[in-house]
Amino acid sequence: MASDKELADFLKSVEKRAFKRASYAVRNDDAALDIVQDAMIRLTTSYADRPAAELPLVFQRILSNATMDWFRRQKVRNALFRNFSDFDGVDADGDFNILEALESSEHHSVQEGADDTVSRGQIMVLIDSEVEQLPGRQREAFLLRYWEELDVAETAAVMGCSEGSVKTHCSRAVHALAKALKLRGITL
C-alpha cells in the first residue's frame, strides 16, 4: 500500500506530463486540467490502497478513461446544445509552456549560451506542434512509450489494445514525426 507521501509525490511528479497528454488529446487547456484533476481524484479515492509501484500504470489507465469520458460527454452535449463560446477563437494566452519540460536543464553545471537556449526552445515548439498533428492513437502510444517511458506491455494495457498495435502506432508516429521535422529542417 502506498503511503500518503508516496501518493502525493507520485501525483506531483506526473501532473505536468499528464496535463500535456490530456491537452494534446482534447486540444483545450481548461478541459485538460479538469481531466487530469478528475483522474487524480479517482486515483486517490479508489486506488490509494495499491502499492506505489503500481500507481504509474493505474494512473495512465485512469487518465485514458477520463479523456474518453470527456469525449463522450462532449458528444452528448454537442448533440443537445450549441454553446456560443464555441464560435470564439482559440485561447491565445496558453498557460502551459513547453519549455517547462526542460526544467532539468537548469540543474546542469554547464552554462548554455543564449543562442542555444533560443534554438532549443524553437525546436521544442516545432516538435510540440508536430506531436499535436499526429492521429490520436499514434499520439497516445508515442507519449506513453517515449514521454511516460512505459514499456510496450504497459502501454498496451493503458490503451486497451494489443502489444502489436502499440508497436505499429509508435512506429507510425516516429516515422511521421521524423518526416515532418525533416521537412522543417530539423534532424535529431
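A residue counts as exposed when its relative accessible area is over 50%, as buried when that area is under 20%, and as partly exposed in between. Glu149, at 67% relative accessibility, is therefore exposed. Welcome to this predicted model.

**Loop residues with positive phi**

- Arg27 sits in the loop that joins helix H1 (4-26) to helix H2 (29-46). Its phi is near 55°, a positive value in a residue that is not glycine.
- Glu149, the exposed residue from the opening, belongs to the loop between helix H5 (136-147) and helix H6 (152-159). Glu149 is not a glycine either, yet its phi is positive, at about 60°.

- Side chains of opposite charge can pair when their charged atoms come close.
- Lys5 and Asp9 form a salt bridge, with their closest N and O atoms 3.0 Å apart.
- Both residues belong to helix H1, and because they are 4 residues apart there, about one helical turn separates them.
- Lys5 is exposed, with a relative accessible area of 58%, while Asp9 is partly exposed at 40%.

- Lys20 and Asp128 meet through their side chains in a salt bridge, at 3.5 Å from N to O. Lys20 lies in helix H1 and Asp128 in helix H4 (residues 114-133), so this pair ties together parts that are 108 residues apart in sequence.
- Are these two partners buried or exposed? Lys20 is buried, with a relative accessible area of 6%, and Asp128 is buried too, at 11% relative accessibility.
- Glu130 forms a salt bridge with Arg184, and their closest N and O atoms are 2.9 Å apart.
- Glu130 counts as buried at 13% relative accessibility, whereas Arg184 is partly exposed at 43%.

Key:
Residues numbered from 1 in each chain as written. Predicted model: local features only at pLDDT ≥ 70, side-chain atom pairs only at ≥ 80, totals over all residues. Heavy atoms only, no water. Helix = DSSP H or I, 4+ residues; strand = E, 2+ residues; numbered from the N terminus. Buried < 20%, exposed > 50% of the residue type's maximum accessible area, 1.4 Å probe, protein only. Salt bridge = Lys/Arg side-chain N within 4 Å of Asp/Glu carboxyl O.
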